[in-house]
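Notebook open, model loaded. I want to see how the inside of this chain is put together, and I'll jot things down as I look them up.

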Amino acid sequence: MNLDRWLPELVELVEIPSVGADPAHAADMVRAVDWLRTRLEAVGAATRVLREGRESVLLADVPAQRFTQTAPTILIYGHFDVQPPGPAELWTSPAFAPRIRDGWLYGRGTVDDKGHLLMYLAALRSLVAAGRLGVNVRLLLDGAEESGGVLALKTLREMADRPDGCLIFDGPMIAKGRPAFYEAARGMAFFRLHLRTGRRDLHSGQFGGAAMNAVHVLVRVLDAVLPGPDGRLPDPLRVGAVPLPRETAERLSLLPTAADLLGGEGAHPADGYVAEDLYTRLWAEPSLDVNGVAAGEPLLHHMQIPCTARASLSIRLAPGQRLEPIAGEVCRLLRAAVPAGAELEIERVGSSPPSLLPAEGAILAAARAAFTDALGAAPLTIRAGGTLPLLSVLGELGIPTVMTGLDLPEGNIHAPDERLWLEHLPVGTAILEDLLGGTRFTQ
């Protein structure tokens, strides 16, 4: 497999540490957007960069070369920001120095979402060079997807001419050779907590058992919003969630079991009910996770009573739930659990409502045929447990959307050793060339 068409540029792009959430990487974000802009202009795109605060968005328009009177306008969404790499010692090779091992390209952003961006670029180059671009392509490339940015959403809402459909490669397949299209996704709200129980840390021998301990209080406060023994959140956080539609529930037997899905990630079930209701939990129930805790000095022999503790937590909202009431309930439950004498500050730093996408549209039929021809298997329409903020706007505007991707469950997105299965570079590009060639829209 000759990958010269993709690898040199993909390696270049991954080497740019475009961690959008970290102000220290502001210059790298500019490098990334300039890198993409230069290459898109080389294929004839009219581009412009929008900036607002620390967010940036790259817009690029490439007009159809054939079927010009009837060619639809297809919006392609992707993002060039990446997650922070995390502890370097957890990577088998440096996060921003891509390496190939056993058919995978390792590096932060290889699959989320820079590998997909290279597929877009390669397909456009090929089609334009051959004069075969059969749709009007509008790219909306986001620099703040990973940090819950709003500029891309605002840009979509303000488009004077609404696209006929949207294509997003930013998600996992079910397994190799088994593509998935996503019809809905959960929403999200992210919070940072700062708890204080006194003016200063105290000696645990002199005051232990008598003085309030910030870590102990934080544990009790967090328990007020955590799931119960059955895995369900407190009832006030489940308001509005609706059961899976019958047609979606009927597809569950075609998906990996809880043992296979969790075991493949080296994870264990949260409780004894997961085997029975895995996909109901992931697609039709809200979930809440404590994403980080900081307090005291756990690596030192330092027997103090901490007076401050911090935590970050996120709640995923199920389709049917309303963001503001649920986010408000999270804060209410946390505050109600704070004992007298302790002070809790809550900061909400990102949020997006759940989304439900249109089930019909020419782009969905065309993409389904293109995927089936390329992979020999029709995409399975399922739901996503994660969140992509733009989906809520696409659903709100009624824009038919193909939400899919060439990631694999073992691709380690958002984790150390993120990796892209290299065979998917030509496969994804071929699908895009087929789809953007436009003939499937004229059949």
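Predicted model: local features only at pLDDT ≥ 70, side-chain atom pairs only at ≥ 80, totals over all residues.

**Entry 1: around Phe169**

I started at phenylalanine 169 and skipped its neighbours within four places in sequence; what remains in contact with it is Tyr77, Asp113, His116, Met119, Tyr120, Phe371, Thr404, Gly405, Leu406, Gly428, Ile431 and Leu432.

Next I asked which residues touch the most other members of the largest nonpolar core. That core has 60 residues, and the answer is Leu40, Val137, Leu139, Leu167 and Phe169. I also checked which element gives the most to this core, and it is α3, with ten residues. Apart from it I found another core, of 37 residues, with Tyr77, Leu278, Ala284 and Ile399 among them.

**Entry 2: aromatic pairs**

I looked up the ring pairs and got five aromatic pairs in the structure. One of them joins tyrosine 120 to phenylalanine 169: the centres are 6.0 Å apart, the planes make 45 degrees, and the pair is listed as tilted. Tyrosine 120 belongs to helix α3 (residues 110-130) and phenylalanine 169 to strand β7 (residues 165-169), so this pair ties together parts 49 residues apart in sequence. I checked burial too, and both tyrosine 120 and phenylalanine 169 are buried.

The rings of tyrosine 279 and tryptophan 283 were next: their centres are 5.0 Å apart with the planes at 45 degrees, so I put this pair down as tilted. Both residues lie in helix α9 (residues 274-284), four residues apart, which is about one turn of the helix. Tyrosine 279 has 11% relative accessibility and counts as buried; tryptophan 283 is buried as well, at 4%.

I then followed the ring pairs to see what they link, and Tyr120, Phe169, Phe181 and Phe371 come out as a cluster.

**Entry 3: charges over rings**

Where do the arginines sit over rings? I found arginine 39 over the face of tryptophan 35, 3.8 Å from the ring centre. Arginine 101 has its charged end over the ring of tyrosine 106, at 3.8 Å from the centre of that ring.

**Entry 4: strand β3**

I went through β3 (residues 73-79) residue by residue: seven of the seven are buried, so the strand is largely enclosed by the rest of the structure. I wanted to know which residues are on each side. Thr73, Leu75, Tyr77 and His79 are on one side, Ile74, Ile76 and Gly78 are on the other, and both faces are covered.

For its partners, I looked at the bridges. β3 runs parallel to β6 (residues 136-142), and seven bridges join them; within that pairing, leucine 75 has arginine 138 as its bridge partner. β3 also pairs with β7 in the parallel sense, over four bridges, and here I noted isoleucine 76 opposite leucine 167. I had already written down leucine 167 as one of the residues that touch the most other members of the largest nonpolar core.

**Entry 5: Pro17**

Last stop was proline 17, in the loop between α1 (7-15) and α2 (26-42). Is it buried or exposed? Its relative accessibility is 15%, so proline 17 counts as buried. With neighbours within four places left out, I see proline 17 in contact with His25, Asp28, Arg31 and Phe96. I also checked proline 17 against valine 330, 313 residues apart along the chain, and the C-alpha atoms are separated by 34 Å.

Definitions and conventions: Residues numbered from 1 in each chain as written. Heavy atoms only, no water. Phe/Tyr/Trp six-rings, centres within 6.5 Å; stacked < 30°, edge-to-face > 60°. Helix = DSSP H or I, 4+ residues; strand = E, 2+ residues; numbered from the N terminus. Buried < 20%, exposed > 50% of the residue type's maximum accessible area, 1.4 Å probe, protein only. Lys NZ or Arg CZ within 6 Å of the ring centre and 35° of its normal. Core = buried A, V, L, I, M, F, W, Y, C linked by side-chain atoms within 4.5 Å. Contact = heavy atoms within 4.5 Å. Pairing = 2+ DSSP bridges.
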